[in-house]
Each structure stands twice: as structure tokens, then as C-alpha cells.
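Biologist: I would like to go through this structure feature by feature. Please give the general idea before each case.

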Amino acid sequence: MPQVTAQREPAETSPAVDSRSPFVRLTDLIAGLTPGKPVINLSVGEPQHPVPPFVGPVLAAHIADFGRYPANKGIEPFRNAVAQWLGRRYKLPRPVDAETEVLVLNGTREGLFLAAISAVRWVGPRAGPPAVLIPNPFYAAYAAGALAAGCEPVYLPATRTSGFLPDLDALDDALLARTVAFYIASPSNPQGAVADRAYLERLAALARRFGFLVFADECYCEIYSEHKPAGMLECSGPDFANVVVFHSLSKRSNLPGLRVGFAAGDKNFLGPYLELRNVAAPQVPTPAQHVAIAAYGDEKHVEENRELYSAKFDLADQIVGDRYGYERPAGGFFLWLDVSKQGGSEVVTKRLWQEAGVRVVPGRYLAREQADGTNPGADYIRVAMVQDKAATAEALHRIVAVLG
Ligand SMILES: Cc1ncc(COP(=O)(O)O)c(C=O)c1O
């Protein structure tokens, strides 16, 4: 495989690089264009499945807690609930210590962003300009965090030929020696690729050898086709050294508006990370943490959720079939469709909007140009399977009718 060539920071901050949110760019792209049919929005990864029934009663029972500032670390019962859930969900080498190895987050986005800032202080001097390694395409907070931390974001192509994950063989020692953090999402957004245990073990070993951190974004871990995705904590040794996992209730429990997630892993990192969070991070309202305790104690709504996604992927199997390089993803809730023959990501996004009223995200906006000028998302559109079955089926029929 070709070696990964670093892309320098000035390129990232130059006017030629549009680092705005993909959704802002999408809004600009279709501004002034009239949707051809009643709109079906499959752009944002915001599940439209029902909010679990326990949310209202639990919030009501803890309403008085809105009268207090929440502690940044999270209440002890929340951290205990998380540690126990991790123990049930994964084959861990030992139980997670709720006191030192779990922190509540106000959703994972802020946690992923702030983690890079903390990491650059934690890792100490690097053998060269500090770099943050990011799969390409990627979730926007990773690159924003890398830049805020004063690091060079180095984009690792995650294409069909590399199994839609960064190719670990393509990383040379000089790059790894100046790496501060490596973000990895499994299941990945947008492609739905799942890293197996061997991949995660290898990444954890590289992190220990070169002294960087792995930030494993596992927010889609409960949405999968057949096999439960492995987790980074299972693959990193007894001290969870050099790894931190990020989890969220936004996708698992259809609660993107609750803003609750957590970070768990290497306590040597979580300590200084909490220090930064104590002065800079949004706290999580205590009533929301109580809802989260109920959510992590209940698997029924998670199973129902997974079945609903599975039924929608059955629809994609039938309606999309083998068009646009579609294959049912191992995890996550996106279709990542190759529309290079239909004109590429932006042309197709506009056509779907104008001719079908279907709103999708151009893959180009979820990725960055590599040093060789290619953009690994340019041939693709991302379709979020977040609507109900009827709307999803209708949207998929419309997509096929437009694209052929
Ligand atoms: C890959 C990935 N990571 C993190 C997040 C952040 O989710 P939240 O902040 O709601 O936990 C998202 C949201 O879409 C995502 O797709």
C-alpha cells in the first residue's frame, strides 16, 4: 500500500479547504433549489425512532436536581451504571473502575473535540510536528479538535480497497512517532465498516509503542447487522492503556437531544482530561444522568431499535439491490452509495433534492482532499436510514427512480 503522506496544516486552514460543517455546506448547495416532491430528510444522523417510555417519568422524578450545578465528572450512580453496562456488553479483561475510568459527557461531540486538546498536553514532546490521525471520511469534530489542539490533522483514506477503515500498514514510523491521537470510529460513519478484534488490538499496540492515544468513537456500537462490534476496551490490555472509548445515547437510545454520553478508558489520561473539563466543558444536567442510568439498565428498547434498523436495511436490500455498489453495512445506520456513474456526490445530491425531494449528504463534504488531490467521499452520497419504514421505502424508491 502507498505510504500516507501528511497534509500540512496551512492547507487545512487555507481558503481552498472548506472546513465548515457538512450540513451547512449542504444547505448552501441546495439553497434556492425547489424540492421536486414532499421532502424526506435523510441527511442528518438524527434517529426519528420513538424516545423510550421511561424518559419522562425519570426526568419528572428528578426535576429538583435542575436547581443545582452538576459535577463535571458525573454522578456516582451514572458512572456505576456505565461501568456495569460496559461489563455486560464487552468481554473486558477486568471490570472498569467507575471512580477513575468513566466520565460523563454532554454527548460525544464535545468530548471528542476536547479530547484532542487534552491529548496534546498529555503525550508530551513528539518526534516532529504533532499530528492527529483521522480516517477519511470522518466525523467533523475530530478535525476540529486536532486544529484547536494545534496539531496537524493527517487524513487516512478509508476506501473500499482498505475495507473502509484506515490501512494500518500504510503508516510509517516517523508519522507514528509524532502522533498525538488516532481517532477511529467503529462502526464507522458514513461507511458502516466494523473493525475486528485483530485490527483494534494492533491499533492499541501501536498506541502503546509510540505513546499516543486512541480515541475510539463507538457511538454506533449497538446498531449492527449480524455480529456485535468488538470494542476498544476489549482489545487494549488490562490497564486500558492509551485508549479511551466514547459512547453516546443519541443513537443507542434515540436520545440525541438528551446530550448524554461518556468516555471510559485509560485513567492516566482521564485525570488530566477531567481537569480540563472542570474549567471548560459543558456539564450534564443531573436529571439527564438519571435518564441515562435507566437507559443503560434497559436493553429492550435497544433491541427494538436494532430490529427497526434491520427491517429498513431489508428494504434497502430489496429496493436498492446491488445498485451503486450497495452492500448491507456491518454496522451503523447509513447507506454509502457510489454515484460516480451518475455524476458524483454534489451533482447527485442536487438532483435527488430537485427531482425527488430527498435530502442526502454529498460524500465529498464528509471527507477532505488527500495530498494527491483525491477526495475519498467524492464518488458517494450518504443516506441516513433514520426515518420510519414507510418514509424510508418511499425515499429509496424515489432515489432509484431518479438514478436508475
Ligand atoms: C461518528 C459520530 N460520532 C459522534 C457523534 C456525536 O453524537 P453525540 O454528540 O450526539 O453523542 C456522531 C453524531 O452524529 C457521529 O456520527
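Modeller: What follows covers the ligand shell, a helix pair, a sheet and some backbone details.
This is a predicted model, in which local features need pLDDT of at least 70 and side-chain atom pairs count only at pLDDT 80 or more, while totals for chains, interfaces and linings use all residues. Residues are numbered from 1 along each chain as its sequence is written.

Biologist: Which residues come nearest to the ligand?

Modeller: A residue is near a molecule if its C-beta atom, placed from the backbone, lies within 6 Å of it. Around the ligand there are 13 residues, and Gly-107, Thr-108, Arg-109, Ser-248 and Ser-250 come nearest. By class, the shell has four nonpolar, seven polar and two charged residues. Here Ala, Val, Leu, Ile, Met, Phe, Trp, Tyr, Cys and Pro count as nonpolar, Asp, Glu, Lys and Arg as charged, and the others, Gly among them, as polar.

Biologist: How do I read the packing of helix H4 and helix H11?

Modeller: Helices (H or I, at least four residues) and strands (E, at least two) are DSSP runs, numbered from the N terminus. Axes are lines fitted to C-alpha atoms, for helices over the stretch in contact, with angles from 0 to 180 degrees between N-to-C directions. The axes of H4 (residues 76-89) and H11 (residues 286-296) come within 9 Å and cross at roughly 20°. H4 is therefore roughly parallel to H11, a term for angles under 35 degrees.

Biologist: Which residues of H4 and H11 meet?

Modeller: Contact requires C-beta atoms, placed from the backbone, within 7 Å. From H4, Pro-77, Phe-78, Ala-81, Val-82 and Trp-85 meet Gln-289, Ala-292, Ile-293 and Tyr-296 of H11. This contact has eight nonpolar residues, one polar and no charged.

Biologist: What is the strand order in the open sheet of three strands?

Modeller: Strands of a sheet pair through backbone hydrogen bonds, either parallel or antiparallel. Two strands pair if DSSP finds at least two bridges between them. In this open sheet the order is E9-E12-E11, with antiparallel pairing. Strand E9 (334-338) and strand E11 (361-362) are at the edges with a single partner strand each, so one side of each has no neighbour in the sheet. Five antiparallel bridges join E9 to strand E12 (residues 380-384), and Asp-338 stands opposite Tyr-380 in E12. Helix H13 (residues 345-356) lies across E11 and E12, at about 45° to E12.

Methods
Angles under 35 degrees count as roughly parallel, over 145 as roughly antiparallel, 65 to 115 as roughly perpendicular and the rest as oblique. Two residues are in contact if their C-beta atoms, placed from the backbone, lie within 7 Å.
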